[in-house]
Amino acid sequence: MPHDTNRDARASQQLAPADALALMASVPIGRVVFSLAALPAIVPVHFRFDRGTLVFRLVGDERVRAALHDCVCAFEADAYDRRERSGWTVTVTGRAHCVPDPDEAGRPARVPPRGWDSGEPRHFFRITPEVVVGRLLHDTGRPLPV
């Protein structure tokens, strides 16, 4: 069967980095992706943007804190509307740095922890986006919005 390239083009549309970061900033939860004991690890976190960087907190596990400090990692956030069968995904790649002083973490450190990140000790991290890839996702049976 012939490959319909027009159909594929409607399934995913790449976003400009600024637009991708704006979408990412619209959701409270993302996933940090890094290497832990030479294996891939993915951890969901609450995050915020602060002065052009991603800031998030992790609770507890010293192994995770040590693995993330000064490492190149990925950070992903997304949204999907089941009814509309459309959404977006944004992945940022950059170097994570542990922020030892919560005051240095900025406003995100002052946001009360919720759910799974409400324990102690809390470790704050900052990622400066170096590579930003964002895509709008659409059902291939529906045209892209104009």
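User: What does A66 count as when I look at its relative accessibility?

Analyst: The cut-offs come first: buried means under 20% relative accessible area, exposed means over 50%, and partly exposed is in between (1.4 Å probe, protein chains only). With 45% relative accessibility, A66 counts as partly exposed. Keep in mind that this is a predicted model, where local features need pLDDT of at least 70, side-chain atom pairs count only at pLDDT 80 or more, and totals for chains, interfaces and linings use all residues. Residues are numbered from 1 along each chain as its sequence is written, and side-chain values use heavy atoms, with hydrogens and water left out.

User: Where is A66 found?

Analyst: Helices (H or I, at least four residues) and strands (E, at least two) are DSSP runs, numbered from the N terminus. A66 belongs to helix α3. Its C-alpha is 8.7 Å from the C-alpha of C98, a residue 32 places away in sequence.

User: How many helices and strands are there in the protein chain?

Analyst: You'll find four helices and seven strands. Reading from the N terminus, their order is α-β-α-β-β-β-α-β-β-α-β. Of the chain's 146 residues, 33% count as buried.

User: Which loop holds A37, and what is its phi?

Analyst: A37 sits in the loop between β2 (29-36) and β3 (39-50). Its phi is near 55°, a positive value in a residue other than glycine. A38 is in the loop between β2 and β3 too, and the phi of A38 is also positive, near 65°. A37 is exposed at 70% relative accessible area, and A38 is exposed at 69%.

User: How many aromatic pairs does a search of the whole structure find?

Analyst: Rings of Phe, Tyr and Trp (its six-membered ring) pair if their centres lie within 6.5 Å; planes under 30 degrees apart are stacked, over 60 edge-to-face, and the rest tilted. The search turns up four pairs. One of them is F56 with F75: the ring centres are 5.8 Å apart and the planes are at 35°, so this pair is tilted. F56 is in strand β4 (residues 53-59) and F75 in strand β5 (residues 71-81), 19 residues apart, and the pair links distant parts of the chain.

User: What kind of pair do F56 and F125 form?

Analyst: That one is stacked, at 5.4 Å centre to centre with 15° between the planes. F125 is in strand β7 (residues 122-138) and F56 in β4, so the pair ties together parts 69 residues apart in sequence. F56 and F125 are both buried, and F75 is buried as well. Ring pairs join F47, F49, F56, F75 and F125 into a cluster.

User: Which residues touch the most other members of the largest nonpolar core?

Analyst: A nonpolar core is a set of buried Ala, Val, Leu, Ile, Met, Phe, Trp, Tyr and Cys residues joined through side-chain atoms within 4.5 Å. The largest one has 26 residues, and V32, F56, L68 and F75 touch the most other members. Among the elements that each supply at least two residues are α2 (17-24), α3 (62-68) and β6 (86-99). β6 gives the most, with five residues.

User: What is F56 in contact with, beyond its neighbours within four places in sequence?

Analyst: Contact means heavy atoms within 4.5 Å. The partners of F56 include V32, V45, L68, F75, F125 and I127. Across the protein chain, among contacts between residues at least 6 apart in sequence, 71% join residues at least 24 apart.
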